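Biologist: I would like to learn how to read a protein model. Please take one feature at a time.

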Amino acid sequence: MPAYRIEGYVIVSADGMLANADRVMPEALKFEGDKHFFTSALDQADMIVHGRHSGEDQPNSPKRKRIILTRRVAALAPDPSNPNATLWNPSGATFEAACDFADVRSGTVAVIGGPAVFGMFMDRYDTFWLSLAPKVRLPGGEPCFPGVPQRSPQQILAAHGLKAGEARMLDPNDGVGVTPWRRVVAPSASPPR
Ligand SMILES: NC(=O)c1ccc[n+]([C@@H]2O[C@H](COP(=O)([O-])OP(=O)(O)OC[C@H]3O[C@@H](n4cnc5c(N)ncnc54)[C@H](OP(=O)(O)O)[C@@H]3O)[C@@H](O)[C@H]2O)c1
């Protein structure tokens, strides 16, 4: 039985982008219902994982244990600017070693981006929560996963063994909803490198 439950979270535009052409998440992708959903989910997670340019910027953020991917360290190191954060270079240490270093040995891990980080865990998600803003388009923006826009985010999740569950409406005025994509076969045993 895997020690960690791994969940992914992203909000994307209709064209599958998580940020604009300047690699910034624009106000147009921020919605109250989705923010509330995301905040509540992270409050229940035991560990947050993200790349050096991402983060959730919420009131409870400083309290949360997190792993930050960066090539600025060889393998693992404490983050000098955050006592709750571990810096991790996957080319020097496994994900399990990073969790161990962070002193989190079981529980729910929330992976929150960016695209390369989402891609690294694609075969390990138990559930990926895909929020969609159908009225927003970000031409030339930053695709949410490797392989977008050649394939849609949904096609990529399906290709990695995840199946769409029932969508939940979060912001009815803007048509923003979240769909849980759940694994239909057991996650791969091999850790991401
Ligand atoms: N819409 C959404 O839900 C959502 C979700 C997440 C992010 N975003 C937005 O997307 C943008 C960030 O995108 P980003 O492409 O810059 O992604 P990012 O993953 O946040 O940051 C990239 C950095 O993470 C580190 N990294 C990533 N993969 C690594 C690997 N395999 N090994 C070691 N280090 C690795 C590197 O840091 P070093 O340079 O230190 O080596 C790299 O420069 C932000 O604007 C953010 O707000 C939006």
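Modeller: Start with contacts: two residues are in contact if their C-beta atoms, placed from the backbone, lie within 7 Å. In the protein chain, 65% of the contacts between residues at least 6 apart in sequence join residues at least 24 apart. This is a predicted model, where local features need pLDDT of at least 70, side-chain atom pairs count only at pLDDT 80 or more, and totals for chains, interfaces and linings use all residues. Residues are numbered from 1 along each chain as its sequence is written.

Biologist: What share of the 193 residues counts as buried?

Modeller: A residue is buried if 20 or more other C-beta atoms lie within 10 Å of its own, exposed if 12 or fewer, and partly exposed in between, with C-beta atoms placed from the backbone. Here 38% of the 193 residues in the protein chain are buried.

Biologist: Which residues have the most contacts inside the largest nonpolar core?

Modeller: In soluble globular proteins, nonpolar side chains tend to be buried together. A nonpolar core is a set of buried Ala, Val, Leu, Ile, Met, Phe, Trp, Tyr and Cys residues joined through C-beta atoms within 7 Å. The largest one has 55 residues, and Met47, Val111 and Leu130 have the most contacts inside it. Leaving aside residues up to four places away in sequence, Val111 touches Ile6, Gly8, Val49, Val117, Phe118 and Phe121.

Biologist: Which residues come nearest to the ligand?

Modeller: A residue is near a molecule if its C-beta atom, placed from the backbone, lies within 6 Å of it. There are 26 residues around the ligand, and Gly51, His53, Ser54, Gly113 and Gly114 come nearest.
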